Amino acid sequence: MVDGKQDEATSPAEVDAVLALLAKEVERTEPGGRSLTIGVASPFRAQAEAITEQIRERWTAEEIERVRLRVGTVHSFQGDERDVMVLSLAVGSDGEGLRFLEDPNLFNVLVTRARRRVPSGT
């Protein structure tokens, strides 16, 4: 969980934390020089869109394509995987937003899209 105030539908502090994690992951390469593929999943469309907006402001299309960076809701990752998955839950300190856990299928998709790892935050 990231400290910070949540607005109506997003967690700006978490967006910043996700961007910091992505900056580290974008620089990683596998032995042999292959870039790792990266995804960011959130149960909430507004959070995914806020992250996408910040990515577009900070990275070039070439950088995004090199790691096949994809950001979306949990639904958009059904049937897809990345080497590294960053999870952005955007859950308030009061637990607001945990309702998505009521659907075991969505939770399963959320936590099984990483081929290699889910990096931890700060």
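A contact here means heavy atoms within 4.5 Å of each other. On that basis, among contacts in the protein chain between residues at least 6 apart in sequence, 77% join residues at least 24 apart. The model is a predicted one, in which local features need pLDDT of at least 70 and side-chain atom pairs count only at pLDDT 80 or more, while totals for chains, interfaces and linings use all residues. Residues are numbered from 1 along each chain as its sequence is written, and side-chain values use heavy atoms, with hydrogens and water left out.

Now for the overall layout. The protein chain has four helices and four strands, taken as DSSP runs numbered from the N terminus (helices: H or I, at least four residues; strands: E, at least two). Read from the N terminus, the order is α-β-α-α-β-β-α-β. Of the 122 residues in the protein chain, 41% are buried; buried stands for under 20% relative accessible area, exposed for over 50%, and partly exposed for anything in between (1.4 Å probe, protein chains only). Carbon and sulfur atoms account for 47% of the accessible surface, which totals about 7,200 Å² (Shrake-Rupley method, 1.4 Å probe; for residues, only the protein chains shown count as cover).

Helix α1 takes up residues 12–27, 16 residues in total, and spans 23 Å from its first C-alpha to its last, close to the 22 Å expected at 1.5 Å a residue. That expected span is 1.5 Å times one less than the number of residues. Among the buried residues of α1 are Val15, Val18, Leu19, Leu22 and Val26, but also Glu14 and Glu25. Their cover includes β1 (38–42), α2 (45–58), α3 (61–66), β3 (82–87) and β4 (114–117).

Strand β1 is largely enclosed by the rest of the structure, because five of its five residues are buried. Ile38, Val40 and Ser42 point one way from β1, and Gly39 and Ala41 point the other way. Strands count as paired if DSSP finds at least two bridges between them. β1 pairs with β3 in the parallel sense over four bridges, with Gly39 standing opposite Met85 in β3. β1 also pairs with β2 (residues 70–73) in the parallel sense over four bridges, and here Ser42 stands opposite Thr73 in β2.

On to the charged side chains. Six salt bridges turn up in the structure, each being a side-chain nitrogen of Lys or Arg within 4 Å of a carboxyl oxygen of Asp or Glu. One of them joins Arg70 and Asp80, whose closest N and O atoms are 2.4 Å apart. Arg70 lies in strand β2 and Asp80 in the loop between β2 and β3, so the pair ties together parts that are ten residues apart in sequence. Arg70 is partly exposed at 27% relative accessibility, whereas Asp80 is buried at 17%. Asp80 also forms a salt bridge with Arg82 (3.0 Å, N to O), and both Asp80 and Arg82 are buried.

Another salt bridge brings together the side chains of Arg116 and Asp83 (3.8 Å, N to O). This pair links distant parts of the chain, with Arg116 in strand β4 and Asp83 in strand β3, 33 residues apart. Arg116 counts as exposed at 51% relative accessibility, while Asp83 is buried with a relative accessible area of 3%. Salt bridges also link Glu81, Asp83, Arg115 and Arg116 in a network.
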